[in-house]
Amino acid sequence: MPESSSISLNPRVRFAPSPTGFLHVGSARTFIFNWLYARHNHGTVILRLDDTDVERNTQASVESIFEGLKWLNLGWDEVYKQSERIELHRKTAWAIFEKGLAYRDFTPAHAGEAEKSGAQGTWLFNPGAREMPRQESDRRAATGEPFALRFRVPRELGQMVRFIDAVYGEQIKAADDIEDFALLRSDAMPTYHLASCADDADLHISQIIRGQDHLTNTFKHVLIFEAAGFVPPQFAHLPLLVAPDGTKLSKRRHGPVVSVTTYRDAGFLPEAFINFLCLLGWSPKNDRENMSLRELRDAFSLEGINRSNAVVNFKEPAATAEEMFDPKAVWLNSEQIRGLAVEDLSARLLPIVRGAGFDISAEKMLRITPLIRERIKLLNDVLTAADFFLVKDLAPYHPAELIPQKGDAAMALKVLTKARQVLATVEFKHDPLDHALRAAAQEMGLKAGQMFQPIRVAVCGRKNAPPLFETLEVLGKDTVLRRIEDAAQKI
RNA sequence: GGCGCUAUCGUCUAGGGGUUAGGACGGAAGAUUCUCAAUCUUCAAACCCGGGUUCGAUUCCCGGUAGCGCUACCA
């Protein structure tokens with residue numbers, strides 16, 4: 001079989017972040033799509049740090065990117081750093097130069113920037129450099145005069161550059177509209193375009209899946225691949241993730257919602273977060289939304305990717321943690337929390353509860369978990385949903401809370417007194433508690449709700465809480481009786 | 001300015017020459033339960049504008065508009 005079919009069977013994809021900040025949600029989605037594509041097709045995922053911009057790269061950023069990726073928990077197969085591959089990039093650039101497809105430009109950096117950035121259409125090249133005879137170029141280089149190496153875009157013959165994008169279809173651009181971009185800077189460091197293409201070729205990348213902001217750059221990349229004698233890989237560009245105001249997500253403008261670790265720290269399940277990101281710009285086309293990683297992997301294909309930008313629908317000034325995130329992300333998270341086995345959920349909740357300073361056993365956490373599972377949307381909600389299980393003494397609440405519907409303080413006190421009697425002797429299991437308390441209500445001529453509310457407030461400190469009998473059971477007789485007594489004092 | 005990409009409910013999307021334009025989130029109302037949550041039911045909510053092609057366009061083509069991207073010796 002021809003080589004192309006083996007490529008399509010075992011694709012090699014790469015995720016190539018540049019370490020100039022934390023892991024951005026848009027980058028995370030690009031990584032996820034690459035991962036899904038590779039895993040769906042039994043391919044290889046390559047992580048490549050595109051760190052050729054020495055000025056802006058930081059070690060802190062490298063670490064925070066790894067931190068974000070680690071939380072996503074998807075993994076990869078090979079890792080590379082571009083900064084360790086610079087010789088390869090240079091070799092590629094000079095090979096292009098030797099073919100006459102690049103030239104030295106001795107124009108000082110940033111010279112004539114004013115003309116470039118504005119008025120008269122596209123800047124194409126610096127005058128005098130492109131046409132400079134090779135001998136003169138060599139001579140000036142030999143004297144140590146600094147230069148950038150530029151690609152000689154073949155625009156003489158009205159040539160068209162073209163490629164097929166797996167998402168956007170056939171793309172064609174006139175070479176006339178492409179400027180002589182740099183390959184090497186005057187400090188001999190490779191530019192992004194060069195380094196990226198040289199590495200993609202060397203690493204045998206078969207599919208480049210990346211953000212749509214690179215769509216127009218791709219014409220330059222096709223030119224580089226061809227000039228260096230490589231067959232360009234397949235391209236698939238992803239629609240961008242934007243803020244509710246339509247602008248691209250940025251830390252400065254939009255704050256922590258654009259950072260992956262913010263989701264982690266707020267109590268998202270990584271699988272729910274991945275699920276959410278997948279639904280932005282991609283659809284399985286069968287109305288499925290809540291999907292496991294396995295289902296996503298099985299369903300994923302480039303054909304399902306959209307072409308228009310997707311809004312991450314967060315609220316700019318958020319009152320609560322939950323409010324700052326896209327409601328769909330929160331919903332998916334709560335759905336997936338409910339889908340987790342109690343043991344699994346409990347194990348994820350435990351470090352959060354302990355981290356908040358509560359000394360709680362795994363066994364107790366396991367008993368609390370089913371009672372709050374349907375009541376939390378983010379893992380961190382455990383702290384507010386299960387507070388009364390965790391604290392020794394309840395936070396102060398208003399005594400009026402104890403008064404039942406259509407009742408008064410006297411009724412509340414009566415209920416509490418009766419409850420204390422009944423509960424002192426009954427076995428603390430769901431059914432006996434149920435029978436005893438309902439019998440007591442009937443005896444006093446009260447509705448079940450009128451009986452239960454004062455007790456619930458007494459033991460939970462609020463009206464809204466999990467079902468009463470299960471709660472009493474987990475809390476235990478001692479705590480329950482003590483809290484009922486305290487409540488009775490308040491009236 | 002030049003070049004490119006995009007346009008379906010508030011948001012994510014399905015669909016496609018003839019449909020009551022489908023689903024989901026969010027919102028509203030109701031049912032259910034010891035409260036809350038969950039669950040269930042119901043409701044409101046969209047094809048950017050103009051021209052063409054056609055018996056018929058939201059769908060195809062062109063133009064406009066808007067948004068976004070690229071236009072660096074950033075990536």
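Me: Why is helix H11 called oblique to helix H13?
Reply: H11 (residues 270-278) and H13 (residues 327-339) pack at an angle of about 140°, with their axes 9 Å apart. Axes are lines fitted to C-alpha atoms, for helices over the stretch in contact, and angles run from 0 to 180 degrees between N-to-C directions. Angles under 35 degrees count as roughly parallel, over 145 as roughly antiparallel, 65 to 115 as roughly perpendicular, and the rest as oblique. H11 is therefore oblique to H13.

Me: Which residues make the contact of H11 with H13?
Reply: On H11 they are Glu271, Ala272, Asn275 and Phe276, and on H13 they are Lys328, Ala329, Leu332, Asn333 and Gln336. Contact means heavy atoms within 4.5 Å. These residues divide into four nonpolar, three polar and two charged. For that division, Ala, Val, Leu, Ile, Met, Phe, Trp, Tyr, Cys and Pro count as nonpolar, Asp, Glu, Lys and Arg as charged, and the others, Gly among them, as polar.

Me: Where do the names and numbers come from?
Reply: Helices (H or I, at least four residues) and strands (E, at least two) are DSSP runs, numbered from the N terminus. Residues are numbered from 1 along each chain as its sequence is written, while chains are lettered from A and ligands numbered from 1 in the order in which they are written. This is a predicted model, in which local features need pLDDT of at least 70 and side-chain atom pairs count only at pLDDT 80 or more, while totals for chains, interfaces and linings use all residues; side-chain values use heavy atoms, with hydrogens and water left out.

Me: What makes H15 and H21 roughly antiparallel?
Reply: The axes of helix H15 (residues 362-372) and helix H21 (residues 468-475) cross at roughly 165° and come within 10 Å. H15 and H21 are therefore roughly antiparallel to each other. Their contact is made by Arg367, Ile368 and Leu371 of H15 and by Glu470, Thr471, Glu473 and Val474 of H21. Three of these residues are nonpolar, one is polar and three are charged.

Me: Why is the pair of Phe163 and Phe235 called edge-to-face?
Reply: The structure holds 18 aromatic pairs. Rings of Phe, Tyr and Trp (its six-membered ring) pair if their centres lie within 6.5 Å; planes under 30 degrees apart count as stacked, over 60 as edge-to-face and the rest as tilted. The ring centres of Phe163 and Phe235 are 5.5 Å apart and the planes stand at 65°, so this pair is edge-to-face. Phe163 lies in strand S6 (residues 160-165) and Phe235 in strand S10 (residues 234-238), so the pair ties together parts that are 72 residues apart in sequence.

Me: How do you know whether Phe163 is buried or exposed?
Reply: Buried means under 20% relative accessible area, exposed over 50%, and partly exposed in between (1.4 Å probe, protein chains only). Phe163 has 6%, so Phe163 is buried. Phe235, at 2%, counts as buried.

Me: What makes helix H7 mostly covered?
Reply: Nine of the 11 residues of H7 (residues 192-202) are buried. Among them are His193, Leu194, Cys197 and Asp200. What covers the buried residues of H7 includes strand S1 (12-15), helix H4 (86-98) and helix H8 (217-227). Just after H7, His204 takes a positive phi of about 55°.

Me: Where is Leu149, and what does Leu149 contact?
Reply: Leu149 lies in strand S5 (residues 148-151). At 0% relative accessibility, Leu149 counts as buried. Leaving aside neighbours within four places in sequence, the contacts of Leu149 include Ala93, Trp94, Phe97 and Tyr103. The C-alpha atoms of Leu149 and Phe97 are separated by 8.1 Å, and these residues are 52 apart along the chain.

Me: Why is Leu394 called partly exposed?
Reply: Leu394 has a relative accessible area of 21%, so Leu394 is partly exposed. Leu394 lies in the loop between helix H17 (387-390) and helix H18 (409-425).
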